[in-house]
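Good morning, colleagues. Please bring up the structure, and I shall go through several of its elements in turn.

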Amino acid sequence: MHQAFYRKWRPQTFDDVYGQEHITSVLRYETENGAFSHAYLFCGSRGTGKTTCAKILAKAVNCEGPINGSPCCRCASCLAIDSGAATDVLEMDAASNNGVDNIRDIRDEVVYAPSSLKKRVYIIDEVHMLSVSAFNALLKTLEEPPEHVVFVLATTELQKLPATIISRCQRFDFRRISTEMLMKRLAYIAEREELELDSEASRMIAKLAQGGMRDAISLLELCSGSSKKITLETVIESVGATGRDSMVATVNAIAAQDYDLLFGQIEEVVRSSKDLAVFWQNLISFYRDMLVVKNTTNAAAYLDLTDHETEQIKLAASKFRKETLLYHCKLLEQALYSMQKANAVKRVVAELTLVRMCDESLDQSNEALLSRIAKLEDAVILGGWTRTAPTVAHTATEENPTVAPVSEEGKNAEATTAAQPRQQVGQSEAGAKRVLRPLRNWMEVVERIGAADPMMSSFCRSASAFVTEQNEILVRFSSRFAMDMAQKGAGKERLIGALAVTLKREIAEKELLLEVASNSSRSMVDEIVEMLIEE
């Protein structure tokens, strides 16, 4: 008879439990020293090992010869518990046995000694489903049970438990299992099931499981139904998920207002019989990743992505302002809620929402207005509109004296002085050290410049920016050539405008300092070659 993978590969000892070492280490210690608590509370999201650890603990407290704090799984007690023949280990589902009478039965039974084991263990799953009267009936027994009784309560919703119950238990919080740990376990199971599991397919399954080991193993079994070789395409086809390339294409189409591509994406999802709600959840996750990239300096610490996927996210995020991303997230959330309603036409909801995301003028909400204002600010400050100052012929008066002509030698001297870079970073004119703080939003400044002048942004991207003690902005370029090219034309004004928008304060021209890195040894040719390679 076929047995589901998640049951077949359920851990039998604490050593086999993945991703919960902070819990299993304590339980092993208690087993080795015989210092068991009278009541345990296991809480956490689904599929993270609560019931599994409860069953292992039931074996551990009754095992005749524990090995390194784990049950031996060979003695009569362990074998009886594994086979379900042990009447002293009772597992109750509180979702279907939540009345006060069920708890009274337990209260009446605990006074009797175990029939064959050392301790009687009561495992109450989904304990938050008990009624108020059932909790009240459990309180006294849970606080002072007989020496031969151990209670193990498991729940996915800790907030629904009375504080009086929580305070009487030794509490353990089960965490969501990391993607790497899930992939390691999937590879172990696939090897023993003689399955060929690609690393990309394994990562996709682990991400879809969202930290749940049971979900990951169930998805592995689902994908193995059609072939012994499980690839990324197999996972996408079996689960009905949408590949990351599709998400990137959708987001790029929104940025470019490419309605044909957007409607084509929805058509492809519907035609392939995939669930639009799953596609929508993946799109929301993609936007979440873009918000992380947009608002943090160390996005890799918060994103469970490969280097290539991280670069994709950064490139996509650079096409939107923060205000626009927040506006889109609100629309996506509203659309997902609408899709979950009864009789909702998911395709229509998705298509209407994507159209609204492309054109903020179709929406009068505050988020849409903020997005439009942010784009107008960028356009005005970065050179979208320019005002030409009127030409006025000045005459020589006392208030406006005629400027004496400058000789050729003077012009050359002024040009040489202006072309010389300022004092190097960290040194003032007197030679004293300067305290500089890195400008956290520099890459956002570069992105704003790139919206108006991609060439200039390519030179600024390799530069670094700092804030001086006098609150000046110091930009250090990698070479003299890069600094000159960044100032070409209206480059300096555009840089000041981008800084003003990003830092949300006025930047005077004298507050912007431009320098060349003192350790720069690259020639102009090197800079041009590097720029061409990046393009």
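This is a predicted model: local features need pLDDT of at least 70, side-chain atom pairs count only at pLDDT 80 or more; totals for chains, interfaces and linings use all residues.

How are the side chains of S11 arranged, and are they buried or exposed? Leu512, Leu514 and Val516 point one way from the strand, Leu513 and Glu515 point the other way, and all are buried. In general, side chains of a regular strand alternate between the two faces of the sheet. Please note that Glu515 belongs to this buried set.

Where does S11 sit in its sheet? The sheet is open and has 4 strands in the order S8-S9-S10-S11, with mixed pairing.

S8 pairs with strand S9, residues 464-467, in the antiparallel sense over 2 bridges. Here Pro438 has Phe466 of S9 as its bridge partner. S9 in turn pairs with S10 over 4 bridges, again in the antiparallel sense, and in S10 the bridge partner of Phe466 is Leu474.

The last pairing is parallel: 5 bridges join S10, residues 473-477, to S11. Within this pair, Ile473 stands opposite Leu512 of S11. Helix H23, residues 491-503, packs on the sheet and touches S10 and S11, and its direction makes about 120° with that of S11.

I turn next to two helix pairs. Helix H9, residues 199-209, packs against helix H11, residues 232-239, at an angle of about 35°, and their axes are 7 Å apart. H9 contributes Glu200, Ala201, Met204, Ile205 and Leu208 to the contact, while H11 contributes Leu232, Val235, Ile236 and Val239. By class, this contact has 8 nonpolar residues, no polar residues and 1 charged residue.

The second pair is helix H12, residues 244-256, with helix H14, residues 276-295, packed at about 70° with axes 10 Å apart. H12 and H14 are therefore roughly perpendicular to each other. Among the residues in contact are Met247, Val248 and Ile254 of H12, and Phe279, Phe286 and Tyr287 of H14. The contact of H12 with H14 divides into 9 nonpolar, 3 polar and 2 charged residues.

Finally, the cysteines. How many disulfides does a search of the whole structure find? The search finds 0. Cys72 is in no disulfide, and the nearest cysteine sulfur, that of Cys63, lies 3.4 Å away. A disulfide would require the sulfur atoms to be within 2.5 Å. Cys72 counts as buried, because its relative accessibility is 11% and the cut-off for buried is under 20%. Cys223 is also buried, with a relative accessible area of 0%.

Note on methods:
Residues are numbered from 1 along each chain as its sequence is written. Side-chain values use heavy atoms; hydrogens and water are left out. Two strands pair if DSSP finds at least two bridges between them. Contact means heavy atoms within 4.5 Å. Axes are lines fitted to C-alpha atoms, for helices over the stretch in contact, and angles run from 0 to 180 degrees between N-to-C directions. Buried means under 20% relative accessible area, exposed over 50%, partly exposed in between (1.4 Å probe, protein chains only). Ala, Val, Leu, Ile, Met, Phe, Trp, Tyr, Cys and Pro count as nonpolar, Asp, Glu, Lys and Arg as charged, and the others, Gly among them, as polar. Angles under 35 degrees count as roughly parallel, over 145 as roughly antiparallel, 65 to 115 as roughly perpendicular and the rest as oblique.
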